[in-house]
Amino acid sequence: MAFTPHPLDRQHGTLPLEPEHLDKGGQGVVTRVLGPENLVYKGYMPQAGHVNGTALAELVDFGHRRTAGEVGFLLAQCAWPIARVVHEGRVTGFLMPHVPQEFYGQIGGKRKLVELQYLLYEPNWAWQDLHQPDVRGRLEIATLAAKMIDLLHTHGWVVGDLSFRNLLWRPGAPYKVFMLDCDGLRRHGGEPVLRQAHTPDWDDPHQPSSGPELDTDRYKLALLVGRVLTRTASVRPGQEPTLLPSLPDQVLTAVRELFTRAHGPRGSRPSAAEWVQALVGRKRIAVTRPSRPKPSVPAGPVAPINLSGTGRRSVTVSRPATGSSPLLAQPSPPPSTEREWAPVLPLGGTASSGNVTEPPSTPQPARPRPVPQGAQPVPAPPRPQPVPVSGAQTAWSSPSSAVPLPPSARAVPTLGRRVIASDTYAEQRQMAPRGSAIDDDTVARLIDHLAAGSGRDSVAKVAVLLGDPADRAALLMRALKNLLNVEQTEVITLKDGDRTVELNVRLLEEQFLEEDEP
């Protein structure tokens, strides 16, 4: 593959590198860059193999999208590539931020990185003085890791080599997490920068031959949560986890359920979003509720309503190693007010999206009726004018001199508006990171668009309606799933390799509206 320059590329010969290395791994050597930028250089070793410069450039580009608050949040938790380093027309490595000092601790008499492995074993002589969190602290660390993976998945990134060596934690409250080896990430369905690394005993037994994928990450996240909350470095889904005492009962039950599900085949494992819900104690169980009596309707023809869907190994540590656009042609409603949720780590900003408003179509005048000879024509009544109302609705009302519309004729909130106003949706939104990729207005419009048709549409068509690129629309669909798929219910599904989105209206109403009905 020919070398393609990138605007942010840095020439290796211009880097003022320290003479001594900070760390050395299987694929590269890490060296501090002198200067005020507080950067380190990871140089790939020849045995690492071919470097996919295009995939590395994509990581760099994402790291510079600082307009979205959640991207900034990710960068604060990850050693993200910020520039490729090149020499004589080839990529030799990349620059990344230095690990913050708060993720270092005294281990074996030296200041070293505090890796996840120090939560999985009983402390030995080398790190017996290292802070050990209580059960609540472990739960907090596991939750932060799940939130990070959820954000990465929302943006379409696959971690691949998630393990006890590349995740750090702050040894003391407030707890934080930090991910290393971010050049190992790749786009879902894309190629990695290098041949994918593998950590023994953190493997997915059902990983496809094509390499890690989102479902592989879900299995490894289950390994992480189970091992942190049991302080057992070898427990796996399919085994009964001996969870540490003092976990809240609701969390205990939810973690056991999800850990059991993670033993299943690809496609059945709990998502990172489900783990977040379980760990914070807000798990909802999908139930089949008895049918409600239908209200009587007046006699006469009734338009049919079409709804989609029917019914429903171990590495012992002795001496640790070193080292929103509108979807439909409607006026934009005023910004929605969400409940604020105080996360463990501050999240900043919100994803922005443009608004395009199309004027309502002008009604065609009625054809005049013929007037009998000799009769005086009767003037037509005033034509009702469109008046915008809240929630992207349009009501038709007469001029001020006319009689007000009866209540039955006033605008009724759409299905999408009713969903985002529900208590269940508020709970779901609380679990989502601030600055989520999708806002409430877009959620409502997507629901209304899908429900107005067969409940099914192509992501490509949704992208056109949103005025966004196809990859952005696919990310919005995943974010929509995170919000609407309460626990194991498939309210929103992506099919055909994420090319088709489908809404199950009946399950949507069951999960979000029935509990709010009087």
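Start with the sulfur of Cys78. Its closest cysteine sulfur is in Cys182, 4.3 Å away, and that is too far for a bond. The cut-off for a disulfide is 2.5 Å between the sulfur atoms. Keep in mind that this is a predicted model. Look from the other end: Cys182 is in no disulfide either, and its nearest cysteine sulfur is that of Cys78. Are these two cysteines buried or exposed? Cys78 is buried, with a relative accessible area of 0%. Cys182 is buried too, at 0% relative accessibility.

Next stop, Ser422. This residue is in the loop between α7, 415–420, and α8, 423–431. Its relative accessibility is 4%, so Ser422 counts as buried. What does the side chain of Ser422 reach? The backbone oxygen of Val419, at 2.6 Å.

Last stop, a sheet. Three strands form an open sheet, in the order β15-β17-β16, with antiparallel pairing. β15, 456–458, and β16, 492–495, stand at the edges. Each has a single partner strand, so one side of each is left without a neighbour in the sheet. On average, neighbouring strands here are turned by 20° against each other, direction ignored.

Zoom in on β15 and β17. They pair over three bridges, in the antiparallel sense. Take Arg456: its bridge partner in β17 is Glu502.

Definitions and conventions. Residues are numbered from 1 along each chain as its sequence is written. This is a predicted model: local features need pLDDT of at least 70, side-chain atom pairs count only at pLDDT 80 or more; totals for chains, interfaces and linings use all residues. Side-chain values use heavy atoms; hydrogens and water are left out. Helices (H or I, at least four residues) and strands (E, at least two) are DSSP runs, numbered from the N terminus. Buried means under 20% relative accessible area, exposed over 50%, partly exposed in between (1.4 Å probe, protein chains only). A polar contact is a pair of N or O atoms within 3.5 Å; within protein, one must be able to donate a hydrogen and the other to accept it, and residues adjacent in sequence count only if both atoms are side-chain atoms. Two strands pair if DSSP finds at least two bridges between them. Axes are lines fitted to C-alpha atoms, for helices over the stretch in contact, and angles run from 0 to 180 degrees between N-to-C directions.
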